[in-house]
Amino acid sequence: MQKDLKPEEISHFGLNVFQYGHEVCRPGHSYGPAVRQHYLLHYIIRGTGELFTERGRYQIKAGEAFLIHPHEITTYSADKRQPWEYMWIEIDGLIVSRAFESCGLHRDNPVYAPAAGSEQREALHYLQQIVRQETQQSLRIAGLTCLFLDALLANAANSRPARQDDDHPVEKAIHWMERNYHENISVSDIATWCRVDRSYLSRLFKQRFGYGPKHYLIMLRMNVATSLLIDARLPIKVIAFSVGYRDQMQFAKVFRQIYQMSPGGWRRQQAANG
């Protein structure tokens, strides 16, 4: 029996794991206000606390999780009577954003709740496995992270199909960018392909992601770039060209805006941490 995957479901996997950990918080312990560069998910093991974002205030309890989106100002605080204990993982990449979106997580709904009667501890089990790994076990960490995301999706109360209507302009734009990010394309090119006005497409992206198609394209390119930078044999000039930048200096400038360091500095940091 043969089972065929659609290429767009797994193309440009782009999974990046930056950090993970476990903390038993003191009563009233608070972090923020702060901004993250990547997705940061906290899974609550016991206790309660609150999350404060630009969109609202959320009470979170054991068995739930909260997601901090990139470039979002947030503060989170442990309850003074029942402070929470949680595990966290900071990640990004196309597979990550798709998984969180399929779990029903977005900027207006950052709290993950498992469905009634679901296997609630499955996701926690995989997250515990991740936290136990040494950082040099990168392949195992990546595999466990995929299993963790799959468990979140399988047991989410607000899950929805990973694929949206392919005729929706945002979906058409995303699929086209994923196939053409290595070319010198612009937002106008994307809008033309989708047969919609550029301003209208930007509004649709901001409604879904909180930012426009230009930033989505940049993050797509940077995610692929970081995957390529791990291979020390690849010259940065080649990586820049491979993700759509004909000018290495322009690539370095955009990379620094996202990661606050040069591509070479990022590569050296990864090598030192590996």
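Start by selecting Q260, which sits in the loop between α10 (248-259) and α11 (263-273); helices here are DSSP runs of H or I with at least four residues, strands are runs of E with at least two, and both are numbered from the N terminus. Check its backbone: phi of Q260 is near 60°, a positive value in a residue other than glycine. Q260 is partly exposed, with a relative accessible area of 47% (buried is under 20%, exposed over 50%, partly exposed in between, using a 1.4 Å probe and protein chains only).

A word on the ground rules: this is a predicted model, where local features need pLDDT of at least 70 and side-chain atom pairs pLDDT 80 or more, while totals for chains, interfaces and linings use all residues. Residues count from 1 along each chain as its sequence is written, and side-chain values use heavy atoms, leaving out hydrogens and water.

Next, jump to R195, in the loop between α6 (187-194) and α7 (198-209). R195 isn't a glycine either, yet its phi is positive, at about 60°. Is R195 buried or exposed? It's exposed, with a relative accessible area of 77%.

Now colour α5, residues 169-180. Among the buried ones are W176, M177 and H175.

Move on to α2, residues 94-102. With 8 of its 9 residues buried, this helix too is largely enclosed by the rest of the structure. Show side chains for F100, R98 and E101, which are among the buried residues. Just after α2, pick G104: its phi is positive, about 85°.

For a peptide-bond stop, select G32 and P33, which are joined by a cis bond with omega of about 5°. P33 belongs to strand β2 (residues 30-35).

Last stop: N16, in strand β1 (residues 16-24). N16 counts as buried, at 7% relative accessibility. Draw a line from its side chain to that of T226 and you'll find a polar contact of 3.3 Å (a pair of N or O atoms within 3.5 Å; within protein, one must be able to donate a hydrogen and the other to accept it, and sequence-adjacent residues count only if both atoms are side-chain atoms). Leaving aside residues up to four places away in sequence, N16 touches E90, I91, D92, N223, T226 and S227, where contact means heavy atoms within 4.5 Å.

Conventions: The expected span of a helix is 1.5 Å times one less than its number of residues.
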